[in-house]
Amino acid sequence: MGKRLLNFFLLFFVLQSGFSQEISIGKRDKVYSEILQQDREFSVYFPPSYNTAVNQKYPVLYILDGDYNFQYVAGILELQGGISEVIPEMILVAISGKGTNEYRRNCKPKIDGLEDSGNAEEMASFIEKELIPYVNKNYKAADYKILGGHSVGGIFVINTAINHPNLFNDYIAISPALWWGKNAMENVMENTWGKTKKTTASLYVSLANEQGMGVTEFLKKVPENIMAKNVKFHQFSSEIHNSVGMPTYVWALDEIFKNWYVKEEYFGSAEALKNHYSEVEKQYGSIFNIPYTIVGNTHYMLQKNEKERTKVQAVLKELNPNALVLFNTYRAGKLVDSKDYAEAEQLLKDALAINPNNFDSYDVLARIKMANGNISEANETIDKAIGLANKQQARQWQINELLETKAEINKKP
């Protein structure tokens with residue numbers, strides 16, 4: 001068999017392997033609740049860098065009726081965090097509703113004299129004492145968490161914000177069904193809010209183009225000091241009740257993380273980089289991930305300023321080593337384009353010392369070996385990159401980049 005034909009069959013096998021993979025952005029999990037005396041299932045979404053980044057922790061969004069809402073909320077986090085990078089990459093924990101009747105019962109608080117009461121306090125206790133500790137132990141969760149719920153789930157969110165204001169950093173109530181129990185949540189709010197311990201948490205409340213939800217009436221009765229400091233409201237007049245979830249999450253998460261976002265799109269100096277993330281850490285308790293586009297744009301702006309670029313690399317190493325891996329790999333790719341292979345290879349060696357499983361670094365390293373005529377080594381290197389990407393459940397577009405390099409290598413005689 002000729003070398004070209006052999007390479008063709010090897011490439012065909014790799015391509016087939018890439019296309020036959022299952023698409024996975026998360027997993028199904030469960031925890032037994034002593035409080036509720038039952039198994040509680042939930043779905044978990046992992047952001048793009050989850051299986052790649054070293055020692056990285058992520059903020060967590062917990063949502064109600066997770067079996068109904070998981071896919072679309074995961075898509076929002078993928079777009080806003082992994083692609084647009086206007087919010088940090090996040091973990092999503094979508095709690096199963098376990099059927100309509102049980103879900104509604106779990107979302108409604110117990111109110112004396114109200115026949116349609118529920119067990120929201122027991123559900124909140126389960127989340128606080130059993131679910132959150134389980135998630136913190138088993139997943140790469142940062143100590144920043146948000147609770148979201150739609151309609152009846154919005155009742156649960158508001159009840160939890162009132163009675164457990166410091167359980168979550170922020171609360172998102174999407175078109176909450178505050179008409180329930182003849183506006184019973186107004187009494188819960190008036191009897192409790194402002195009398196519990198102070199909180200810095202914000203409550204984001206939305207409404208679609210709907211009447212009779214009780215939202216406007218409820219907000220009018222919120223104490224002025226709490227309304228001004230802790231409550232934010234937005235009406236999406238062009239949305240209906242079942243479509244308002246998506247714009248609400250986009251709005252609320254953008255607001256929550258507006259001080260994390262880098263408005264300038266790059267850092268002109270190491271000092272600016274350090275100052276920004278110092279403020280981020282003060283507010284959020286962590287810097288989370290540093291966006292790839294920010295890293296790339298910063299390199300581009302400083303590519304002719306070696307002194308400042310070196311300072312930036314030092315700050316990245318201190319703040320977030322994963323960002324330094326991105327920076328070095330990005331720079332190495334640019335050096336390959338200009339045929340500065342020795343410097344590029346050293347940068348990749350430094351990157352792989354931090355994260356030996358970074359498939360992007362191996363991708364650039366394979367291109368160096370190809371440029372130097374080491375086709376066999378180039379193939380071994382890109383195969384390792386593809387293997388790591390598949391193992392880490394990389395997004396298909398990321399795997400496509402590696403397969404493209406594989407194809408280029410196998411065009412060589």
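This is a predicted model: local features need pLDDT of at least 70, side-chain atom pairs count only at pLDDT 80 or more; totals for chains, interfaces and linings use all residues.
To the contact between them, domain 1 contributes 19 residues and domain 2 contributes 16 residues. The size of an interface is often given as the accessible area lost when the parts come together. For domain 1 and domain 2, the buried area amounts to about 1,500 Å², and carbon and sulfur atoms account for 45% of this area.

Polar interactions across the interface of domain 1 and domain 2 comprise 12 residue pairs in polar contact, with both residues of each pair at pLDDT 80 or more. On the side of domain 1 that touches domain 2, the residues divide into 12 nonpolar, 3 polar and 4 charged. The interface also contains 1 salt bridge. A salt bridge links Glu 78 and Arg 395, whose closest N and O atoms are 2.7 Å apart.

Ser 202 belongs to strand E7, which covers residues 202–207. The relative accessibility of Ser 202 is 11%, and the residue therefore counts as buried, the cut-off being under 20%. When neighbours within four places in sequence are set aside, Ser 202 is in contact with Asn 169, Asp 170 and Tyr 171, as well as with Asn 230 and Lys 232.

Note on methods: Residues are numbered from 1 along each chain as its sequence is written. Side-chain values use heavy atoms; hydrogens and water are left out. Helices (H or I, at least four residues) and strands (E, at least two) are DSSP runs, numbered from the N terminus. Buried means under 20% relative accessible area, exposed over 50%, partly exposed in between (1.4 Å probe, protein chains only). Contact means heavy atoms within 4.5 Å. Buried area is the accessible area (1.4 Å probe) that two parts lose on being put together, summed over both. A salt bridge is a side-chain nitrogen of Lys or Arg within 4 Å of a carboxyl oxygen of Asp or Glu. A polar contact is a pair of N or O atoms within 3.5 Å; within protein, one must be able to donate a hydrogen and the other to accept it, and residues adjacent in sequence count only if both atoms are side-chain atoms. Ala, Val, Leu, Ile, Met, Phe, Trp, Tyr, Cys and Pro count as nonpolar, Asp, Glu, Lys and Arg as charged, and the others, Gly among them, as polar.
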